[in-house]
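Please open the structure in a viewer and keep the selection tool at hand.

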Amino acid sequence: MPVPVPRQRAIPAVESGQAQAASPGGASSEETSAPPKDATVDPNGAPHTHLTLLLIEDDPGGSPIVPELHDSAGKPIRVRTARNLTEAERLLTDDVHCILLDLTLSAPGRSDGDDELAVLRHVLRLAPRHAVLALTASGDAERGAEAVRVGAQDYLFRDELDGRLLSRAIRYAVERKRSDTAERRLAEGKLRAQENRRLERGLLPTPLLEGSPLRFAARYRPGRSRALLGGDFYDVVRTPDGTVHAMIGDVCGHGPDEAALGVELRIAWRALTLAGLCGDQLLGTLQQVLEHERSDDEIFATLCTVDIAPDGRRAGLCLAGHPAPLIAHPGRPARLLPQENNGPALGLLPGARWPRMQVELGAEWTLMLYTDGLIEGRVGESGERLGQDGMVELVRRQLAEGLSGEELLWAAVNEARDLNGGELTDDVAVLLLDRTP
């Protein structure tokens, strides 16, 4: 038989944290500490065999108001009693699932004329993760409803309690609290994700090409799950003399730290470019930025910069450990630009130099810059890398099909992903510049 609840305790709390329930003869039995396999879960996620109720109610007369209680499996619901909030705080251990609170109690520091739900507000601050049932007088439904609006899971009338009603109310309150907590965490997670997306989207570049006849397109796919920004970065700007400067780079790794460093390098590149730096001087300054901002001496970044002359027919190319761009002309197969003078990645060699190569573009062309995430995917069951040669052949086919601009970039990235048999694991950034007379 369930143990009736004692109305007065000689010791209001058990210092060891274990609850006690008095037997009909006055003897007490301690709760077991090792939960069996069919245990329920407390607000912290720890397993417990039975539901536990903490009753906070001042009844000097000792008249029992809590009848025998059972959970849905027929097991007794254990009850702890506290005559005031000080005792309640001592008894409020993690294995308590629900609190039954008498709303007539006084909150600490409150007088009779103050907020009539002050005691409830105090308990909600004291136990934000626990389910709370408000206990009020019959006919005072308005006060009970207000208690639910304040934060209680439900309210009960004091003189209408019976075992079945209270047991059901406890189970309902516990499950509703769990549901509310899960819903709140989900909403908080969605808000954080939205904030992160807005932040990351704001960190992606807006090309500055006003006044240029060149057309621009870009495709960006981070390797991190549910992220918008990875360690790859790119940018395009036009300086007052009409030169179009394009850049693409890749910080080793693709986590949030690498994404942040990539943003810093991109912003530094834009500022230095608009200040008139280019070639070896620009890359040397970017290396200083990387060395100062990186969290580990082993972190490096590859980079490709192109500065296209105002007439659009020639360009300067600098490579810092980065794959060479692809260029395509009408009627001729796409090919890679020269990469014999590829210098070291930024952050590897102090005092390194990066030669600038002059490249003839011609009157009509398409120039594609990309990161190695595009070429390091696998090809079918062979497990071989797509590589630069495979990427060139892939783009050649798509150009022959008449694809251009963003449509070409989408097709290239999607085909590389399909050949890989699933999502590409590294960050992928691809940008396209083309000129038509």
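This is a predicted model: local features need pLDDT of at least 70, side-chain atom pairs count only at pLDDT 80 or more; totals for chains, interfaces and linings use all residues.

**Strand 12.** Select residues 244-251, which form strand 12. Of its 8 residues, 8 are buried, so the strand is largely enclosed by the rest of the structure. In a regular strand, side chains alternate between the two faces of the sheet.

**Strand 11 and the hairpin.** Arginine 238 is found opposite valine 244 of strand 12. The hairpin of these two strands has 5 residues between them, and glycine 242 there adopts a positive phi near 95°.

**Strand 13.** Now select residues 301-308, strand 13, which runs antiparallel to strand 12 and is joined to it by 8 bridges. Here valine 251 faces alanine 301 of strand 13.

**Helices 5 and 6.** Finally, display residues 256-274 (helix 5) and 279-293 (helix 6). What are the approach and the crossing angle of their axes? The axes come within 10 Å and cross at roughly 145°, and the crossing is right-handed. To inspect the contact, show side chains including Leu261, Leu265 and Trp269 in helix 5, and Leu282, Leu286 and Val289 in helix 6. The residues of this contact comprise 9 nonpolar, 2 polar and 2 charged.

Technical notes. Residues are numbered from 1 along each chain as its sequence is written. Side-chain values use heavy atoms; hydrogens and water are left out. Buried means under 20% relative accessible area, exposed over 50%, partly exposed in between (1.4 Å probe, protein chains only). Helices (H or I, at least four residues) and strands (E, at least two) are DSSP runs, numbered from the N terminus. Two strands pair if DSSP finds at least two bridges between them. Axes are lines fitted to C-alpha atoms, for helices over the stretch in contact, and angles run from 0 to 180 degrees between N-to-C directions. A crossing is left-handed if the near helix is turned anticlockwise from the far one by less than a right angle, and right-handed if clockwise. Contact means heavy atoms within 4.5 Å. Ala, Val, Leu, Ile, Met, Phe, Trp, Tyr, Cys and Pro count as nonpolar, Asp, Glu, Lys and Arg as charged, and the others, Gly among them, as polar.
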